[in-house]
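Hi,

Here is the structure I promised to pass on.

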Amino acid sequence: MSTFPVPLNLLADAQLALTQPTEYPPASLPVPNPTKSYWLHGESGVNPLASEGSEGPLTADADICVIGAGITGVSTAYHLSKLVRNPVRPLKVVILEARDFCSGATGRNGGHLTSRAFIDFHEYALKYGQEEAVKSMAIENHTINRIIDLIRADGVEDEVDLVVGGHISLVLTNEEMANAKADYEAAKAAGLDLSQVKWIDKDEMQSKLGTSFEGIYVPGHNLWPLKLVTHLFRSAQNEETKLTLHIHTRTPVTSIKSLDFQSTDPLARRWNIATSRGSISCSYVVHATNAYASHLLPHMHGPGGIIPTRGQVVGVRANVPVEELTRLSWTANADFEYWFPRPVKSESEHPLVILGGGREAVGPGFETYISDDSSLEPIVSKALRKYLPHLFPGKYAEDREPEMEWSGIMGFTAIGDPFVGPVGQGYEGQYICAGYSGHGMPKAFSCAEVVAQMILAEISGNPWSPPEWLPKRYLTWEKR
Ligand SMILES: Cc1cc2nc3c(=O)[nH]c(=O)nc-3n(C[C@H](O)[C@H](O)[C@H](O)COP(=O)(O)OP(=O)(O)OC[C@H]3O[C@@H](n4cnc5c(N)ncnc54)[C@H](O)[C@@H]3O)c2cc1C
């Protein structure tokens, strides 16, 4: 067999890279000319809100300004619209987005909506104790269940291309297998329901799925992330009696200044947000800027904050019909790589497979401190082209060029967990919800709910109490 297209067992090195002091500057604003992703450009008219609110007058005044129109920013507006009770007048919420609607990581990711199930449980339990380890899994299951429930309740399974296909983690090395077994045993001992997990040996993997590595089956989903976020936005906008929701796309926020205010009214205007098109006064600010957080919050730069990290993805046509590939989604090599076949109209169709990863092939930087998604890394491009033909001989053609290839910027943290909650002293009324370390789809919706709860509690003067599924260490004040 030829050499594996990417180096293996580099997770610890990648984590170490996140802890090193850096000479790079804070994140830039999102670049204005990003690569074109399948999710944003793969179908005509797929992004009806792309340029929403990008022309005409800018909203001058709002109760809450949310910066960023990815899954976090839009979910914050969604939860505000569902949670706000009997407001004296509808809350005025504005989303400000630097580029097109949902054109950050959410519009350029791998499309997976799958929980960790039990992976990393052992490490979490050792580092943070069993209760936190259980919550680390609970938040992901909670998020996925809530998203699936709302998709089904609203009858939009087809609209968002929801696939309930299951998921396989390929186990490529003995080290990975030993870690997975330790995680499984620890999670089982802690009482997690692992009844759907299946360990699949090499023979079965070869005969049924065409690859010679062992696999672990867990429940898993994939969908079209932009379409989900578009649906969330429209749902929030429908709650007219409780909330007026506006969005200004193509409106980068360049700075936030404190207003001179003396009031104890929680809805007094405290912040002035400067954008490329004018400024807005508001009472609350939500930084839903993920990888770009340190642009507006320079103290969030570096190993103690959020590190922009470039990921790369291809859409490549399989060499066989979908029935020979199955509808499973996959990850391998400690989740560095991830892929799944897009839904097809007929069983004989050769599906487009969305495959991301390959940044471990680049060397010690692992694409960290890069906030430019207008370009591609050639070493990653090469690794991705070789990847599936190597793992599934015959199912992918070695010389077939991808139909699309793009990059996107993830927000990594050194400890792997997001920042959720108030920004801190001197930033009263500002909240952050960001830094999912490349695994935001099963977290962002719920983290946004937490921030929406906190803001509404502050407005109503009631205390906020944490939901039982929230890991305590996600909270900003726990990180100081
Ligand atoms: C290549 C790639 C593959 C991935 N694959 C997966 C996967 O399969 N499964 C998974 O769970 N996760 C995956 N992720 C991670 C996941 O996509 C993210 O965790 C999630 O989308 C984060 O959502 P967000 O809304 O917080 O950030 P984003 O979607 O990045 O949204 C932030 C928004 O803020 C805007 N913004 C930033 N600064 C400013 C400013 N100053 N003014 C105005 N707007 C601003 C940006 O333009 C952007 O639209 C992947 C990410 C990438 C890049």
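Predicted model: local features only at pLDDT ≥ 70, side-chain atom pairs only at ≥ 80, totals over all residues.

Numbering starts from 1 along each chain as its sequence is written, and side-chain values use heavy atoms, with hydrogens and water left out.

**The overall picture**

The protein has 12 helices and 18 strands. These are DSSP runs numbered from the N terminus, with helices being H or I of at least four residues and strands being E of at least two. Its C-alpha atoms fill a box of roughly 70 × 50 × 50 Å along the principal axes. For 480 residues, a compact globule would have a radius of gyration near 23 Å, and the 22 Å of the protein agrees with that. That radius is taken over C-alpha atoms, and the globule rule is 2.2 Å times the number of residues to the power 0.38.

Of the 480 residues, 58% count as buried. The accessible surface comes to about 19500 Å², and 51% of that belongs to carbon and sulfur atoms. Those areas come from the Shrake-Rupley method with a 1.4 Å probe, and for residues only the protein chains shown count as cover.

Contact here means heavy atoms within 4.5 Å. Among contacts with a separation of 6 or more, residues 24 or more positions apart account for 78%.

As for charge, the mean positions of the 41 positive and 55 negative charges are 3 Å apart. Lys and Arg count as positive, Asp and Glu as negative, while His and the chain ends are not counted. Each charge is placed at NZ of Lys, CZ of Arg, CG of Asp or CD of Glu.

Start with Ser51, in the loop between α2 (38–41) and β1 (61–67). Is Ser51 buried, exposed or partly exposed? Its relative accessibility is 33%, so Ser51 counts as partly exposed. Leaving aside neighbours within four places in sequence, Ser51 is in contact with Thr249 and Arg250. Ser51 and Arg99 are 48 residues apart in sequence, and their C-alpha atoms are 8.2 Å apart.

Next is Leu11, in helix α1 (residues 11–17). Leu11 is partly exposed because its relative accessibility is 36%. Not counting residues up to four places away in sequence, Leu11 touches Ala334 and Phe336.

Beyond its neighbours within four places in sequence, Lys92 contacts Asp61, Ala62, Asp63, Ile64, Thr244 and Arg269. Lys92 and Tyr184 are 92 residues apart in sequence and 46 Å apart in space, C-alpha to C-alpha.

**Aromatics**

The structure holds 20 aromatic pairs. One of them joins Tyr38 and Trp39 edge-to-face, at 5.4 Å centre to centre and 75° between the planes. Rings of Phe, Tyr and Trp (its six-membered ring) pair if their centres lie within 6.5 Å; planes under 30 degrees apart are stacked, over 60 edge-to-face and the rest tilted. Both Tyr38 and Trp39 are buried.

Another edge-to-face pair is Trp464 with Trp477, at 6.1 Å centre to centre and 80° between the planes. Both sit in the segment after α12 (444–460), 13 residues apart. Trp477 counts as partly exposed because its relative accessibility is 37%.

There is also one aromatic cluster formed by Phe4, Phe213, Trp330, Trp339, Tyr387, Phe392 and Tyr396.

Asp161 has a positive phi of about 55° although it is not a glycine. Asp161 lies in the loop between α5 (130–153) and β4 (167–171), and is buried, with a relative accessible area of 15%.

Asn290, not a glycine either, has a positive phi of about 45°. Asn290 lies in the loop between β11 (278–287) and α9 (293–296) and counts as buried at 16% relative accessibility.

Cheers

Key. Buried < 20%, exposed > 50% of the residue type's maximum accessible area, 1.4 Å probe, protein only.
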